[in-house]
Amino acid sequence: MLILFALAMLILFGAVAIAVDGSYGFVQNRRAQNAADFSSVAGAKLLAGSQECNGTTPVSNAQMVNLIQDIVSLNNPDSAATWTAQYLDSSGRPIPGATLNALGGAGSPPPGACGLSVNSNPTWHSFVAGVIGQNQMNGTAGASAGSPQVGTAVAIVSLNKVGPHVVLGGGTGTFTVSGNINLNTNVKNQPWTGCQDGYAYDDAIDAKNGSNLYVYGTVRYVDNINGSGYNCGGTPQPLFPLDTCFPGAATQYNSPGNVSWVAGAPPPYPTNKPPCNHGNTTVAYNQMDHTFTPINDPLQGGGAPPNLWTTKSVAACPGMGLQSYSSIPVGTTVLKPGEYTVPVKITGSMTFGDCSTYAGEGAYPGFYLFDQGLWITPQAAGSSVTGSNVLIATQQPYPVAGNEPGSLVNGNFVPTTSGGVPVGGNGAPCLPAGTTASANSGGQQEVNSSVASSKCGGTSNYGVITYGDSSFTPTSDYGKGDNFSAIVGGATNTTVSLSGPTTGGYAGTNGSPGLVFYQDPATQANFGFDALSGDAAAVSVTGVIYNASLSNYGANAPLEYWDGTGGGIPLYAGGTLQTGYGAGWTSGPAQSAGSVTVTGTTIVDQFNTDGATTITIVGRPYALPGTGATSLLS
């Protein structure tokens with residue numbers, strides 16, 4: 001009887017354990033499921049407004065951990081320390097290596113993080129099951145939520161009317177692109193094109209001088225020139241958009257190459273890193289797509305908003321008429337929208353106001369027309385230049401010594417004019433005497449002739465020698481500066497933060513910021529962000545940057561370079577977004593530092609980077625102002 005009773009008690013305790021602990025286990029799993037459901041949805045909502053996904057708000061991993069921890073603790077304290085989370089992309093797929101847990105985390109979500117998967121794993125002590133040896137019980141629950149991006153995130157559109165190097169990492173900093181790069185790469189004159197592995201590498205994307213280019217997206221390019229391949233040994237071959245330094249399985253349009261990573265590369269790493277023989281230079285990308293069809297200038301097609309320089313009236317605040325300014329009063333801290341007919345240089349804290357700066361006008365976008373260029377360069381530590389809901393339009397280059405032929409009179413630069421109009425530069429920088437080129441160019445001095453002093457408007461500044469596109473013999477067209485119409489930078493510990501209109505014909509879609517920088521397409525000029533010696537500002541631009549002002553010279557394009565045959569840094573009179581300064585010499589002025597972050601789309605002819613500046617482009621799925629041909633959505 002005792003033996004039978006003991007066996008019966010085991011069965012009885014097992015039944016009680018199932019009833020009591022099993023029921024409690026259902027409660028725990030339900031709590032865990034609630035924790036996973038609510039925290040994943042909350043995390044996805046936070047990511048939806050982040051600069052990594054569809055919005056502009058910075059989000060940190062610490063914020064995400066705190067959010068998940070609070071929700072899990074409220075819903076299921078027994079799993080408060082055992083949950084794990086995984087970032088998801090816009091398609092709901094896990095992003096490799098992008099995980100979180102209750103121990104916290106440094107840094108920020110990876111580019112493209114639009115969703116979150118949370119696993120809640122509670123543990124608890126049993127009530128009855130301990131009698132039969134089960135002292136601790138475990139549960140698990142998981143949930144995923146996302147915020148899909150609307151359309152494809154486009155980071156860089158390079159119209160590339162002439163020449164190679166539509167995206168060039170030329171400095172020693174990190175150039176990170178989150179989103180697609182669209183390249184019009186079917187330019188006939190490609191002086192750097194070389195043949196290897198049965199493909200023609202046209203150098204559309206290149207990196208040199210120890211720079212690092214990471215593309216968290218697809219490089220979309222054209223694999224032919226005017227419908228046919230490039231002639232390699234008498235046989236037409238399709239184009240591949242890299243330098244021959246980056247060979248790989250081009251037939252797959254996806255060169256895997258060497259997947260080892262240098263220290264400091266931002267994880268999760270892009271899929272592909274071709275091997276390279278240029279020291280520490282790195283080019284990495286997720287995918288190549290050769291089916292891209294060249295596009296025309298999206299802001300010159302049907303449905304695009306008016307050119308601000310041919311229809312200036314659209315820049316006026318409602319009921320005001322376009323305001324005109326020939327000076328800025330001393331002590332001004334808030335600029336008003338309108339047309340500025342003189343060069344404008346900002347050296348301290350300043351705010352670009354929208355139409356609300358006029359009484360009763362409300363928060364209509366503020367449009368700024370700078371006829372003679374804009375130079376933003378706050379100098380005192382802690383100074384900031386800000387502007388929200390504004391569009392900055394530029395025309396002529398800012399008249400600094402070197403931007404154009406001229407001379408210094410009593411310390412003031414007086415440009416050479418033709419018919420009363422300043423003669424523009426060609427994009428070649430001006431450097432102090434004694435500056436030497438990079439080692440690849442033999443260490444030669446850039447310019448050692450006293451005649452060159454007049455090229456840069458002084459007696460001690462010298463223009464760099466430029467070289468022709470095929471023979472690499474020096475040309476006479478040198479020393480005219482960088483031809484910048486918008487110069488944005490500043491000293492260490494200064495900030496510049498600008499964002500485009502959220503309403504009206506120049507806004508983005510769904511209330512997102514639209515055009516924030518706009519260069520007159522009929523006037524050749526470049527943009528420079530942290531692009532002068534010593535620039536170290538933290539520059540942040542949210543919206544669309546547009547500079548497609550480089551003339552299309554066709555087959556007679558004046559393709560010129562400085563830094564000789566070894567460097568091959570291209571120079572252009574217009575259409576270039578130059579970020580950073582200081583790649584082309586071993587002895588000379590200080591290179592740049594700081595950071596440039598663009599949250600939006602850049603539409604330019606060329607994109608160059610130099611110096612030690614950190615460049616980050618977080619692409620956006622814009623349907624640009626206008627309809628039809630102006631849309632970048634796919």
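Modeller: The terms are taken up one by one below. This is a predicted model, in which local features need pLDDT of at least 70 and side-chain atom pairs count only at pLDDT 80 or more, while totals for chains, interfaces and linings use all residues. Residues are numbered from 1 along each chain as its sequence is written, and side-chain values use heavy atoms, with hydrogens and water left out.

Colleague: What makes β40 and β41 paired strands?

Modeller: Two strands pair if DSSP finds at least two bridges between them; strands are DSSP runs (E, at least two residues), numbered from the N terminus. Strand β40 (residues 560-562) is joined to β41 by 3 bridges, so the pair qualifies, and the two run antiparallel. W562 stands opposite I569 in β41.

Colleague: Why do β34 and β41 stand at the edges of their sheet?

Modeller: The open sheet has 3 strands in the order β34-β40-β41, with antiparallel pairing. β34 (466-467) and β41 (569-571) each have a single partner strand, so one side of each is left without a neighbour in the sheet.

Colleague: What makes a group of residues a nonpolar core?

Modeller: The members are buried Ala, Val, Leu, Ile, Met, Phe, Trp, Tyr and Cys residues joined through side-chain atoms within 4.5 Å; buried means under 20% relative accessible area (1.4 Å probe, protein chains only). The largest such core has 60 residues, and F352 and F517 have the most contacts inside it. Strand β12 (residues 199-207) gives the most to this core, with 5 residues. A second, separate core of 18 residues includes L159, W309, A393 and Y506.

Colleague: Which residues does F517 contact beyond its neighbours within four places in sequence?

Modeller: Contact means heavy atoms within 4.5 Å; among the partners of F517 are I392, F527, F529 and Y546.

Notes
Helices (H or I, at least four residues) and strands (E, at least two) are DSSP runs, numbered from the N terminus. Buried means under 20% relative accessible area, exposed over 50%, partly exposed in between (1.4 Å probe, protein chains only).
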